[in-house]
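Walk me through this protein, please.

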Amino acid sequence: MQGGVTATQLVLDAGTGLAALPDLLGDAPFTGRILLSHLHWDHMQGLPFCRSIDRPDAEVSLLVPVPSADVDPVQLLARSFSPPNFPIGPEGLVGDWRFRALLAGPIDETLSVAQVVHKGGVTFGVRVALDGSTLAYLPDHALHRGTSAVDRRSAARLAAGADLLLHNGQYLADEQGLAVAYGHAIIEEVLRFADECRVGAVALTHHAPMRTDDELDELARRFAHTPGGRPVTFARQGVPIDVGTPAAG
């Protein structure tokens, strides 16, 4: 995606990989929005460890998922981001920080979110539409054989016709029990879902931590395409993925 929202203006989630943001920005501060899909540690622990956002000239609007409009996003964030769990709280981040409650629905003309099923708190999927291209971002979504029709419809509204579906692909069909226990997805179900939503391409992320690189490479060869022929990429740290041109029917 080019123009409008760029890598310098929008970040989706803030895990430990956020420490690499200066590789994109150089010496410039971050000025823009960081949207947290949910508040599990692996999606927020990078906030105090990124020099692009924790500096006096940074300008950050942090969108924090909340269960209802009356919940203070700072207080919710501080439940795991404050002493004794961490030396500082959200108010200790340096720069111009604005903490915004994130609720389901459209945020503006480029961003919208909807709640999806994932274990342990409110979790949002995100749709980013910009310059004629669309990204559907569902990094933690319990998509398996037990997923309800209601949840599938909610997720499908985010993904419908997207040029790229970025989805967690942690487990395989014979690991259904683990997928249910941890609230994550089965690769085969994700690829069927991608065909149902008529996306342009799929990028699988949030790989199972017990798999070796060789095992992931083998899965990438095995699942190079969806059953309907859509290309599938296994995301790798530090390797860019092009959202591409608008998806065709």
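Which side chains meet in a salt bridge at 3.0 Å, N to O? They are those of aspartate 96 and arginine 98. The model is a predicted one. Aspartate 96 is partly exposed, at 37% relative accessibility. Arginine 98 is partly exposed too, with 27%.

That pair belongs to a set of eleven salt bridges in the structure. Another joins glutamate 196 to arginine 152, with the closest N and O atoms 3.2 Å apart. This bridge ties together distant parts of the chain: glutamate 196 sits in helix α5 and arginine 152 in helix α3, 44 residues apart. Glutamate 196 is exposed, at 52% relative accessibility. Arginine 152 has a relative accessible area of 18%, so it counts as buried, the limit being under 20%. Both residues belong to a salt-bridge network that also takes in Glu189 and Arg192.

Helix α6 holds a local pair. Glutamate 218 and arginine 221 lie three residues apart there, about one turn of the helix. Their closest N and O atoms are 3.1 Å apart, in a salt bridge. Glutamate 218 is partly exposed at 42%, whereas arginine 221 is exposed at 57%.

The largest nonpolar core has 26 residues. Leu165, Ile187, Val199 and Val202 have the most contacts inside it. Elements giving two or more residues to this core include β8, α3, β10 and α6. Helix α5 gives the most, with six residues. A second, separate core has 21 residues, among them Ala14, Leu25, Val64 and Phe81.

Technical notes. Residues numbered from 1 in each chain as written. Predicted model: local features only at pLDDT ≥ 70, side-chain atom pairs only at ≥ 80, totals over all residues. Heavy atoms only, no water. Core = buried A, V, L, I, M, F, W, Y, C linked by side-chain atoms within 4.5 Å. Buried < 20%, exposed > 50% of the residue type's maximum accessible area, 1.4 Å probe, protein only. Helix = DSSP H or I, 4+ residues; strand = E, 2+ residues; numbered from the N terminus. Salt bridge = Lys/Arg side-chain N within 4 Å of Asp/Glu carboxyl O.
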